[in-house]
Amino acid sequence: MHLATLTLLALILGNGADPQPAAKVVEVSAAADLHPDRYQQFPRFDAQGEQELLRLTNRDRSKLGLRPLQMDSTLTAAARDHAARMAARQELSHQFADEPGLQQRLSGLHLDHEGENVALDEDVAQAHDGLMHSPHHRDNLLRADYNVVGFGVAKVGERIYVVEDFGHSLPTYPAQQAEDLVAAAVDHARGSRNSQLKRAAAPSMHDAACAMASQDRLNPKAVSHQGRPRYVLTYTNMQPDLLPSNMPKMLSDPSLQAYAVGACYAHTPTYPNGAYFVTLALY
């Protein structure tokens, strides 16, 4: 099968925005259809080209004083898988009918922002140049808070299908450290105007947080029996020490004397990129 002319660029902005049309369209003469029908059988990835895309991207980021992106194996696997799907179909797309969306494809990482560029060209240098001359694609390549990336370059004859998956990766903490971070945030929010609260040891709070994580939902009733607290607060966040907005008001109560905290990190259907389930009891 032969194709005539192909449009090269498409993208997803951070957190799955709708694809934007490319500002620059490059035309290439399509080579013969040499790829197999099933993307799982696709054998040819250009690892050297993927490394060259990393070099070119970090070169351009360096010119603006931006931190270099680190190649991530999970993102690379996701980018290669999607590049193979495009090559098998001879089509640029961010999501085919038989695959999940970008956030779900990157679910092995703890990301609070993600984005994707896709392109079709004849070599990686030309593909990178085309992406850098398209404003929205350039924004992904030069987004300051991105710190990890994966490139997939699938070769079909003289053509390459390129996928660039970007993300802002957050650290993950063991349960005890996550709970300590929450406790430090509580102490800070309590402030010097009020006496500091005593932190009570309560392993059952961790168990309650993990039970919520396993059910993928918040359940304040799981905490309400923990020593008859005055206030109960449960929340999810990608960073455990970012307290809910109503927390300072609760902590301003002068009658409070102690608190207990539990935290549990999990990837769930609601939070495919991971989240901390946190329980707080104020006494």
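How many bridges join E7 to strand E9 (residues 275-282)? The answer is 7, and the two strands run antiparallel.

## Basis of the model

The model is predicted: local features require pLDDT of at least 70 and side-chain atom pairs pLDDT 80 or more, while totals for chains, interfaces and linings use all residues. Residues are numbered from 1 along each chain as its sequence is written, and side-chain values use heavy atoms, without hydrogens and water. Helices (H or I, at least four residues) and strands (E, at least two) are DSSP runs numbered from the N terminus.

## The open sheet

Four strands form an open sheet in the order E6-E8-E9-E7, with mixed pairing. Strand E6 (198-199) and strand E7 (231-237) are at the edges with a single partner strand each, so one side of each has no neighbour in the sheet. Pairing requires at least two DSSP bridges between two strands. Leu-233 has Leu-280 in E9 as its bridge partner.

Helix H7 (residues 203-215) lies across E7, E8 and E9, at about 35 degrees to E8. Angles run from 0 to 180 degrees between N-to-C directions, with axes fitted to C-alpha atoms, for helices over the stretch in contact (heavy atoms within 4.5 Å).

## Helix H1

The 17 residues of helix H1 (residues 47-63) should span 24 Å at 1.5 Å a residue, and the end C-alpha atoms are 25 Å apart, which agrees. The expected span is 1.5 Å times one less than the number of residues.

Among the buried residues of H1 are Leu-53, Leu-54 and Asp-60; buried means under 20% relative accessible area (1.4 Å probe, protein chains only). Their cover includes helix H2 (73-89) and strand E5 (159-169). Just after H1, Gly-65 takes a positive phi of about 75 degrees.

Notes: Buried < 20%, exposed > 50% of the residue type's maximum accessible area, 1.4 Å probe, protein only.
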